[in-house]
Amino acid sequence: MLLDERYLTLYERFGGESAPVEVTLEELSELLYCTPRNAKLILKKLQSEQLIDWLPGLGRGHRSRIVFHTDKEPYLLEYATQTAVQGDYKRAFDLIAQYGDGTNAKAKFLEWLDNQFGYKKEEAGEGEQCRDSLTFPILKAPLTIDPADLLYSFDSHLIRQIFDRLLRFDEKQGKIVPMLAHYWCSNFNSTEWTFYLRKGVRFHNGQELTSRDVQFTLERLWKGTANSWLLREVKSIETIGPRVLRIKLNRVNRIFDRFMCSAAASILPFRFVGMEEEAFWKQPIGTGPFQLTKWMNGRIRLDANENYFEGRPYLDEVEVVIMPEDCSQDMDFLAKVHHSLDTMRMDQRATREEWQELEKLCQGCVLLNWNVAAEGPQQSEAFRQAVRQILHPGDMIAELGGERAIPAFGFRPEASSPHVPEPIKPEQIRSLLVESGYGGEIMRFAFHPKYHEDGIWIMNRLAEWGIHTEMLPYDCLMQVDFCISGLVFPEDEVCEIEAYEHRDCVMQNFFDTEWKTWIISRIDAAVAADSTEERRALLKEIEETLRQEALIIFLQHRRLSTYLHPSVRGVSLNPLGWIDFKDVWLEEHD
């Protein structure tokens, strides 16, 4: 136990009085879980720090006395804030919970924490430029910043700040635009693709980008990584010169350039610039608008790339603070940045009405996935259809509210908007359950903590119909009969294909060989299609088949929203639902 906690422990038991408090050395040693000799040493140390006065009793029958010099609330608040500054936010919240009864420490700590987050413009000295920064909290640390292993949306967002791709899909224009490659083309049947790199693009260490870097990156991605599906039909990757790269395919793929827009295809430097791979990922080097300069003590810091080829970011630094997940309820009171965080504040002088509100529907959906690769009642289509009717998405949205916007009828909100869910038909549900032969077996269920409300709602709704469930931890996903998952499609069709083919995606693990083989055949036909309409129809066939056979149950589309202080400019929500740091700037106010 640290000295600060010993002081708080003693104050908790004996403090609160202005006059000296009588106490025995035996009482103190019992409270501090130590010997009387060690208790004397602790008291001596506390006294040397001028936190207490210790007045030992002289003679038989005279009790010792202790005097506290610092009230509990300010001492606790300072200790908690220092602990948070060092990055141990969980410990800071635990201290407030353990010692904060009868004080306003929690409210004051949250107010202090609130002021640490948001956009800030630091005053500069004479002749110097002010520094603009963004600090925001997240509830879950990124799992990886290696594009080859990428799966989750915030990881993707972070990777896009550090690295660049050959090409980029512009959501506003609805087309592919140049990025590291200034031009690209394919042969007549789209089995050979050539990319021409920009001149003068430099990695964060000053090294110029060449085709050798691109070849190294794609060959690494190609060889058994989680995202090797992007290059599944590649035959060869060759350099034609320092700035020209040619990729040959075994099959026709008319949207291979869209594949090269994926964050998973972000370009790394050749052989990690001579570093051991493990060391490289501690401080990776890319060509992106920001460079990762620190990841320790629960903080990730990104500094602006001064020489970024698409223009220097306005923000000088971005700091991501990783909060413990069990602090999520406390964080509802904090200034926030979208995803699990929905508002950002500069200060409190602007009224709420003056703030900018951004809102859009997430390009993706929340759905229930059945594990038909495992034995169980879910093998019965009648059982799956019964559950689909029981889990009425309209009821879920009406009862849970929040960011749940509209019932999902498919992957994308634009396809779901025209549809109205059918009302529940109790007799049909009962008939389907009888047909399925369900005999009360316990269905193993898992969901990520961010879907906790949805998961509990589903368990309660199924229980009303006599379907028994057991909740397993989310890290036991491969052992469950069904789960909740969320899909986000920042790259539209490519991300739809990823949902089926990514090594770690739910559907890749929950479908049996027959289903996976059929899905791959439809994907191969889709990427070879001559028209967008034909390709969309083939991908839609997969989606419709999975929906009709209730292999997946669409639940809802979520609303992405954020509030911004009026001085924050250049902000929009990207397809991942995050704010692109590069384009943010802060307007100065008198």
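Reply: A residue is called buried if its relative accessible area is under 20%, exposed if it is over 50%, and partly exposed in between, using a 1.4 Å probe and protein chains only. This is a predicted model, in which local features need pLDDT of at least 70 and side-chain atom pairs count only at pLDDT 80 or more, while totals for chains, interfaces and linings use all residues. Residues are numbered from 1 along each chain as its sequence is written, and side-chain values use heavy atoms, with hydrogens and water left out.

The part to look at is helix α4, residues 72–85. Helices (H or I, at least four residues) and strands (E, at least two) are DSSP runs, numbered from the N terminus. Of the 14 residues of α4, 10 are buried, so the helix is largely enclosed by the rest of the structure. The buried ones are Lys-72, Glu-73, Tyr-75, Leu-76, Leu-77, Tyr-79, Ala-80, Thr-81, Thr-83 and Ala-84. Their cover includes α1 (3–14), α5 (89–99), α6 (105–116) and β13 (299–304), where contact means heavy atoms within 4.5 Å. The end C-alpha atoms of α4 are 20 Å apart, which agrees with the 20 Å that 14 residues should span at 1.5 Å a residue; the expected span is 1.5 Å times one less than the number of residues. After α4 comes Gly-87, whose phi is positive, near 100 degrees.

Another strand to inspect is β14 (residues 317–322), where Glu-319 is found. Glu-319 is buried, with a relative accessible area of 13%. Its side chain makes a polar contact with the side chain of Arg-299 at 2.5 Å. (A polar contact is a pair of N or O atoms within 3.5 Å; within protein, one must be able to donate a hydrogen and the other to accept it, and residues adjacent in sequence count only if both atoms are side-chain atoms.) Leaving aside residues up to four places away in sequence, Glu-319 touches Leu-134, Thr-135, Phe-136, Lys-294, Arg-299, Ile-300 and Arg-301.

Next, the aromatic rings: the whole structure has 26 aromatic pairs. Rings of Phe, Tyr and Trp (its six-membered ring) pair if their centres lie within 6.5 Å; planes under 30 degrees apart are stacked, over 60 edge-to-face, and the rest tilted. Trp-193 and Phe-256 have ring centres 6.1 Å apart and planes at 45 degrees, so their pair is tilted. Trp-193 lies in strand β9 (residues 192–197) and Phe-256 in helix α9 (residues 256–259), so the pair ties together parts that are 63 residues apart in sequence. Trp-193 is buried at 3%, and Phe-256 is buried at 1%. Phe-272 and Phe-280 also form a tilted pair, 5.1 Å centre to centre with 50 degrees between the planes. Phe-272 has 8% relative accessibility and counts as buried; Phe-280, at 0%, is buried as well. Ring pairs link Phe-163, Phe-216, Phe-270, Phe-272, Phe-280 and Trp-281 into a cluster.

One ring of that cluster, Phe-270, has Arg-212 over its face, 3.9 Å from the ring centre. The charged end of Arg-258 sits over the ring of Phe-169, 4.0 Å from its centre. A charge sits over a ring if NZ of Lys or CZ of Arg is within 6 Å of the ring centre and within 35 degrees of the ring normal.

Last, the structure holds zero disulfides, a disulfide being a pair of cysteine sulfur atoms within 2.5 Å. For Cys-505, the nearest cysteine sulfur is that of Cys-495, 9.4 Å away. Cys-505 is buried, at 10% relative accessibility.
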